[in-house]
Amino acid sequence: MNAHAGEFDHQDTRRFKHTRIGIWDLYEERQSRIRISPISKIYAPIIYNVPLLVRMFKDVLSIRRCSILLPAYLVVEVLASLIPAVSLWYSGQLLRLVESVMEARTVDTTVLVHFAAAHTICAVAVRFLRYSRDCMIPRLSLYIKQSYNERMLLSASRLDLPAFETLYDSYTVQELSCGLAHWYTSSIWDTIEMLTDIAMILIRLLSHLLVLSTVMWEQQDGLLLVVLSFLQYLLSWDSTGKTMVGSLVWAATTTNENLICMQGLKGLITGPSHRREFVAGNFSEHISARFREASQRIGHDAVEFPELKRFRSFKDCLSITFIIRETMHVLPQIVFSLRVVINPMTTPVSLASLIWIKQVFDPSYFSISSMFSTLATNLTRIRDVYEIENTRNQVVDGTEPFPENQQSLANGISVEFKNVSFRYPGRDRCALRNVSFKIEAGQLCVVVGVNGSGKSTILNLISRVYDPTEGTILIDDRDIKTLKLADLRAAMSILFQDYSQFPLSMHENIGLGNPALAHEDDKVREAARLGGAEDFIDELPDGFDTYLNRVVDNYHGDLPEGTTTLFGHPADSSSRNVIGGVHVTGAPGIQISRGQAQRLAISRTFMRSLVSETESSAGMMLFDEPSASLDPTAEHDLFERLRKLRGNKTMIFSTHRFGNLTQYADLILYIDETVQEKGTHDELMKKEGEYARIWNIQAKSFTQ
Ligand SMILES: Nc1ncnc2c1ncn2[C@@H]1O[C@H](COP(=O)(O)OP(=O)(O)OP(=O)(O)O)[C@@H](O)[C@H]1O
């Protein structure tokens, strides 16, 4: 079977060689050991990314302070790269002096002093430039990281849900959400530094070669020695790109069931998300026994592939490339010995030249090819940084203000679905199919249906988290897509089923419901009271200022013996949390119950209903299973408060629990992909359809 485009076709035996190492199957590209990597393979990613690099440099230059610091850094680097050539030129002149001394048997002391002074000046200049460079690098790196950190977060914050989900699949946002932004921002500075290094190495190499050939031009065998020394490094150029298993293209896999099982068990034992069930389920003994069994069955083969690299790297020492490379090292010496035999009179000069040439060829010139492969990895990260900025939102903003008259919100908002169908991105099946209904302004509507019938999807579409795949949604008889998104969302308050607690203080968790009022403590407290969260928040250690999880870690070095508390939190001096010699200590989070978390989220929704002097409250409230985690009293109180507060606003609930709400509803929609039944409670009960059947089941469970 042919592999799909982009698939690593390990079954292609003409291209890949299969080797079995322990329980691992290794597939290596067949290739001769002596091989110069195609130039295009190493350099293509760089050439392809030139526009990206230009953009990056422009952006970095536009960062305050970097506009001066970066050019200054580049000037320092260029000067630092040219000085060794100047120094080399003087060494060459010294060599010539030795030659003339041998012939004339006298020394010109003025020239000698001149050379010595020049050498000293070069050495001081190098020191000075290195010092300036070392002062600039941390600053440049910091300014760039700070600027890109902010830039990435701001560009991620403007993403709508479909765009965010698409990016999340590409891991960039996942890594950002795990606090790994520094991977990306560091790669910007690393790339600048690496490109500078490469440019400077090339400048140094060219200036050295120029000086070398000028000085050695007239010397016997001088150019031959230069070429031979250069060749020896050139051969090692290619070898730097080789990977641990000797081939550039390779992949390893295993199908060993015991190893797979052992890794699964390891994940179960160490994964924090499994611990609760692990303990409650009394898994310990059983899991340990299974781990031991699998481990015994597999024996010493239970080894991860990277560990095998040590064994494989020995083999590389016997490769033909390796042997030729090593032989090349001694070629200049062989030529020198031949010179001694043929013409013993010139020995001191040739020896001095040989040593001089060998000193000139700094092996770092030839690490360029490995630098290019690291650069290619960095470029992928930089591309990811810009990918977030380049990602276009899929829900396109409208242009018309909404509502035309703010006061009208008090009378509610009407919603109409006209033949709406919707499929979630990446799904084949429709979540909603040809749905039509109208909720008049000020009505209380309850959407009911079984799990997965599309209730939450209706709320997602009304708030334009997604746009319908087909059909139209009208808000106050206007196409929802024409309305300004910010206005639309300000006009409604929504409580999603999968509400979350934000990593902020309790005060801010609630205040975010209505940012315009978030600074008013009494309004936040009122919202907490309405949402039933006030009492439990007051009992938390810092009341409304409590963070459920401390989001900033503390750092420390060695602490005085016996220290158990640091800055009011337990100190962790174990080696487990040491990064770069610094201990990192996070504070343990505060646990709240699911019901309390739901009350917190409801309070946030109530916040939106509070009125400020400048802003009228939302005209429509959407609730997706608002009472799922509430006890019966809390549920009853919540609905009482909601009914009182409602006034003439439109309210839409999605729920499984029929009793508390459906009796008061102006409209009930029973949906299952499409609207199956609609009407008031009495109408639907008379109809004796699905709604009536489920109502009776729920009612029976109370009466029996
Ligand atoms: N983000 C999503 N991506 C892909 N499919 C989704 C997504 N959210 C929901 N679905 C699918 O769409 C369908 C309708 O889901 P929806 O959440 O609207 O149902 P629901 O009636 O609210 O269910 P429940 O009563 O369990 O909350 C389901 O088949 C579900 O699997």
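## Ground rules

Numbering starts from 1 along each chain as its sequence is written. Since the model is predicted, local features need pLDDT of at least 70 and side-chain atom pairs count only at pLDDT 80 or more, while totals for chains, interfaces and linings use all residues.

## Around the ligand

The residues surrounding the ligand include Tyr424, Arg427, Ala431 and Gln497, plus Gly449, Asn451, Gly452, Ser453, Gly454, Lys455, Ser456 and Thr457. To count as near, a residue needs its C-beta atom, placed from the backbone, within 6 Å of the molecule.

The shell splits into 2 nonpolar, 8 polar and 2 charged residues. Here Ala, Val, Leu, Ile, Met, Phe, Trp, Tyr, Cys and Pro are nonpolar, Asp, Glu, Lys and Arg charged, and the others, Gly among them, polar.

## Strand β6

Strand β6 (residues 444–448) has 5 of its 5 residues buried, so it's largely enclosed by the rest of the structure. Buried means 20 or more other C-beta atoms within 10 Å of the residue's own, with C-beta atoms placed from the backbone. Strands are DSSP runs (E, at least two residues) and helices likewise (H or I, at least four), numbered from the N terminus. In a regular strand, side chains alternate between the two faces of the sheet. On β6, Leu444, Val446 and Val448 are buried on one side, and Cys445 and Val447 on the other.

β6 runs parallel to β16 (residues 650–655), joined by 5 bridges, with Cys445 opposite Ile652. It also runs parallel to β17 (residues 667–672) through 4 bridges, where Val447 partners Leu669.

## Annotated spans

The unreviewed UniProt entry annotates residues 68–91 and 111–129 as "transmembrane region"; such annotations may be inferred rather than shown by experiment, and positions follow the numbering used here. Residues 68–91 are 100% helix, with end C-alpha atoms 35 Å apart. Residues 111–129 are 100% helix, with end C-alpha atoms 27 Å apart.

How values were computed
Buried ≥ 20, exposed ≤ 12 C-beta atoms within 10 Å, placed from the backbone. Pairing = 2+ DSSP bridges.
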